[in-house]
Amino acid sequence: MRKLGKIAIPLVGSTALLIGMTGSALASGTITSGGSPYTGNVLATNLGSVTLSGLSSLGSIINTCTSASLGAYTKSDGTGGQLNSVSLTGCTNNRGGTTTVTALNMPYTGGHVDYDSTHASNRDGTITINAPNPSVDVKAVLTLPAWGISSMECHYGLTTSTALTINVYNPTNANKPVPSNPHGQGKLAGQSLQFISGDSRCPASASANGNFQIVTDPGGADLVLGP
């Protein structure tokens, strides 16, 4: 598994966090803010560290980033999702080095937000970034002193038919990942991007984990996903 130092999101996704949703018992929903349908920009920022990990031919690589943000756009009916910006900073890896990640070819389009009437895994819905998605190209440049590597460049994308799905939690959901945070949240739990080009020693995939709060941008108002 190869690893990254920033989120893509489509990631990271990304994926990102506000582009689309799918899953079992899901149906189109309505996104509101202050009781009214909301169409516009949203901002997802990390709650705690974000990790990106992979297994290369040299061994495992685990990146830990202290700051992450994803800027996106959505319509109130959950369609028209678009990831416009990705920023991850303060990324170090378990091989004594640093990782810098850049999302290329932005914006990333495709996907939708759905409401989950069954509340599987205690979620209120999902964000799904459709795959394959040829536009997604997340570049990671790693320094790996423990292995004597001064620079290793890896590119990751969404090349399989498996969509990138992120669980979403409303502000009042008592089971959201970080209950002490008052806002709506999203959770990345091992969703992966696939290696598309770069050094042959790069991991074959990069797995992302992290929690994010999601609010309107600008304004920082809460968002609610309903039927």
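A disulfide is a pair of cysteine sulfur atoms within 2.5 Å. The exercises below start from that rule.

This is a predicted model, in which local features need pLDDT of at least 70, side-chain atom pairs count only at pLDDT 80 or more, and totals for chains, interfaces and linings use all residues. Residues are numbered from 1 along each chain as its sequence is written, and side-chain values use heavy atoms, with hydrogens and water left out.

**Exercise 1. The whole protein**

Task: Describe the protein by its secondary structure, its buried share, its contacts and its surface.

Solution: 
- Step 1. Take the secondary structure. Helices (H or I, at least four residues) and strands (E, at least two) are DSSP runs, numbered from the N terminus. The protein has 0 helices and 18 strands.
- Step 2. Turn to burial. Buried means under 20% relative accessible area, exposed means over 50%, and partly exposed lies in between (1.4 Å probe, protein chains only). Of the 227 residues, 52% are buried.
- Step 3. Look at contacts. Contact means heavy atoms within 4.5 Å. Among contacts with a separation of 6 or more, 74% are between residues 24 or more positions apart.
- Step 4. Finish with the surface. Accessible areas come from the Shrake-Rupley method with a 1.4 Å probe; for residues, only the protein chains shown count as cover. The accessible surface is about 8,600 Å², and carbon and sulfur atoms hold 51% of that.

**Exercise 2. The disulfides**

Task: How many disulfides does the structure hold?

Solution: 
- Step 1. Count. There are 2 disulfides.
- Step 2. Check burial here. Cysteine 65 counts as buried because its relative accessibility is 0%. Cysteine 91 is buried too, at 6%.
- Step 3. Take the link of cysteine 154 and cysteine 202. Cysteine 154 sits in strand β14 (residues 149-158) and cysteine 202 in the loop between β16 (184-198) and β17 (205-216), so the pair ties together parts that are 48 residues apart in sequence.
- Step 4. Check burial again. Cysteine 154 is at 0% relative accessibility, so it counts as buried. Cysteine 202 is at 1% and is buried.
- Step 5. Write the pattern. With the bonded cysteines numbered in sequence order, the pairing is 1-2, 3-4.

**Exercise 3. The aromatic pair**

Task: Which geometry does the pair of tyrosine 156 and phenylalanine 195 have?

Solution: 
- Step 1. Set the rule. Rings of Phe, Tyr and Trp (its six-membered ring) pair if their centres lie within 6.5 Å; planes under 30 degrees apart count as stacked, over 60 as edge-to-face and the rest as tilted.
- Step 2. Apply the rule. The count is 1 aromatic pair. The ring centres of tyrosine 156 and phenylalanine 195 are 6.0 Å apart and the planes lie at 70°, so the pair is edge-to-face.
- Step 3. Tyrosine 156 is in strand β14 and phenylalanine 195 in strand β16, 39 residues apart, and the pair links distant parts of the chain.
- Step 4. Tyrosine 156 is buried at 0% relative accessibility, whereas phenylalanine 195 is partly exposed at 25%.

**Exercise 4. Polar side chains in strands**

Task: Which backbone atoms do the side chains of asparagine 46 and serine 207 reach?

Solution: 
- Step 1. Set the rule. A polar contact is a pair of N or O atoms within 3.5 Å; within protein, one must be able to donate a hydrogen and the other to accept it, and residues adjacent in sequence count only if both atoms are side-chain atoms.
- Step 2. Locate asparagine 46. This residue is in strand β5 (residues 40-46).
- Step 3. A polar atom of the asparagine 46 side chain lies 3.0 Å from the backbone oxygen of threonine 66. The backbone nitrogen of alanine 68 lies 2.8 Å from a polar atom of that side chain.
- Step 4. Turn to serine 207. Serine 207 is in strand β17 and is buried at 12%. Its side chain reaches the backbone oxygen of glycine 190 at 3.2 Å.
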